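Please read it alongside the sequence and the coordinates.

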Amino acid sequence: MSTGAPRAAAPAQRRGFDATTTWIFDLDNTLYPADCNLFAQVDQRMGEFIAQYLGVSFEHARHLQKTYYRQFGTTLCGLMQVHNLDPKPFLDYVHDIDLSVVPEHPELAAAIETLPGRRLIFTNGSRRHAERVAEKLGVLHLFDDICDIAACEYVPKPSPDAFDRMIRRHGVAPRMAAMFEDMPQNLEAPHTLGMTTVLVHSSYYDHPVQLAIRQWREPPEHIHHMTDDLAAFLRQIIAATKS
């Protein structure tokens, strides 16, 4: 993985940022570093909620949680489809977490502030969760809007339909947009739409697709760039556009 400078796929697959006017960022383990272990809190609370909601053991709840996550794209989507769950109480509970582990990140804020055009957060979580985390990082004021799971009518990434809904809602021109994500499968639809894609390396492995990254000799064609330092990567982009 690169530390800051863009690491690209094969030249035939690479897309750059010269035409980018909309910068779209995932939230969890993308805008904040995975070593905060913030998502572990969310993960624990999902298991607790499912156990109470379905009246099952925590161990069985965890099994269902991971099964639905892999089958439906998000645990919430599976709970809604299989158990007719009302999503709001679930989201309120799982995102009621301690954010003291999230540090303010002035370097990231400075880098985002220099990006030309619009900046959006696109998350499978709730808007309130995104607002709280982005505010803690010190970057909330730099974003034009947040597209959360409710705004997409609970259709989650990586579904192409989720991206279509986001694009329509925010008037995004895909070939003039870049998507930053920690989940490789969430970059397949943006690539197909014509966006420039960036995989932000995460040390949080919770999906078979993430584990498969370790076996890559080179990234798949739907990933144009990779980095393990988002702030440095953004600085490199801006420097390149000015040179």
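Rings of Phe, Tyr and Trp, the last through its six-membered ring, are taken as a pair if their centres lie within 6.5 Å. By that criterion the structure, which is a predicted model, holds 11 aromatic pairs. Two of these pairs are described below, followed by the other topics.

**Aromatic pairs and cluster**

- Phe 49 and Tyr 93 form a tilted pair, with 5.9 Å from centre to centre and 50° between the planes.
- Since Phe 49 belongs to helix 1 (residues 38–54) and Tyr 93 to helix 4 (residues 87–94), this pair ties together parts that are 44 residues apart in sequence.
- Phe 49 is buried, with a relative accessible area of 14%, whereas Tyr 93 is partly exposed, with a relative accessible area of 26%.
- Phe 180 and Phe 233 form an edge-to-face pair, for which the centre-to-centre distance is 6.2 Å and the angle between the planes is 80°.
- Phe 180 lies in strand 5 (residues 177–181) and Phe 233 in helix 10 (residues 230–242), so this pair ties together parts that are 53 residues apart in sequence.
- Phe 180 and Phe 233 are both buried, and together with Phe 17, Trp 23, Phe 25 and Phe 143 they form one aromatic cluster.

**Nonpolar cores**

- The largest nonpolar core has 52 residues, and those with the most contacts inside it are Phe 25, Leu 31, Phe 90, Val 139, Phe 180 and Leu 234.
- Leaving out residues up to four places away in sequence, Leu 31 touches Phe 25, Asp 26, Leu 108, Ile 112, Ile 121, Leu 137, Phe 143 and Leu 230.

- Thr 197 lies in strand 6 (residues 196–200) and is buried, with a relative accessible area of 0%.
- Apart from neighbours within four places in sequence, Thr 197 is in contact with Met 179, Leu 187, Pro 190, His 191, His 222, Ile 223, His 224 and His 225.

**The second largest pocket**

- The second largest pocket holds about 250 Å³ of space, and of the 17 residues that line this pocket, the closest to its centre are Tyr 32, Pro 33, Ala 34, Asp 228 and Leu 230.
- By residue class, the lining of the second largest pocket divides into 8 nonpolar, 6 polar and 3 charged residues.
- Leu 230, named here among the residues closest to the pocket centre, is also one of the residues that Leu 31 touches.

How values were computed
Residues numbered from 1 in each chain as written. Predicted model: local features only at pLDDT ≥ 70, side-chain atom pairs only at ≥ 80, totals over all residues. Heavy atoms only, no water. Core = buried A, V, L, I, M, F, W, Y, C linked by side-chain atoms within 4.5 Å. Buried < 20%, exposed > 50% of the residue type's maximum accessible area, 1.4 Å probe, protein only. Contact = heavy atoms within 4.5 Å. 1 Å grid on protein atoms, 1.4 Å probe; cavity = no way out; pocket = protein on both sides within 12 Å on 5 of 7 lines; lining within 4 Å. Points joined across faces, edges and corners; volume = space filled by probe spheres on them. Nonpolar A, V, L, I, M, F, W, Y, C, P; charged D, E, K, R; others polar. Helix = DSSP H or I, 4+ residues; strand = E, 2+ residues; numbered from the N terminus. Phe/Tyr/Trp six-rings, centres within 6.5 Å; stacked < 30°, edge-to-face > 60°.
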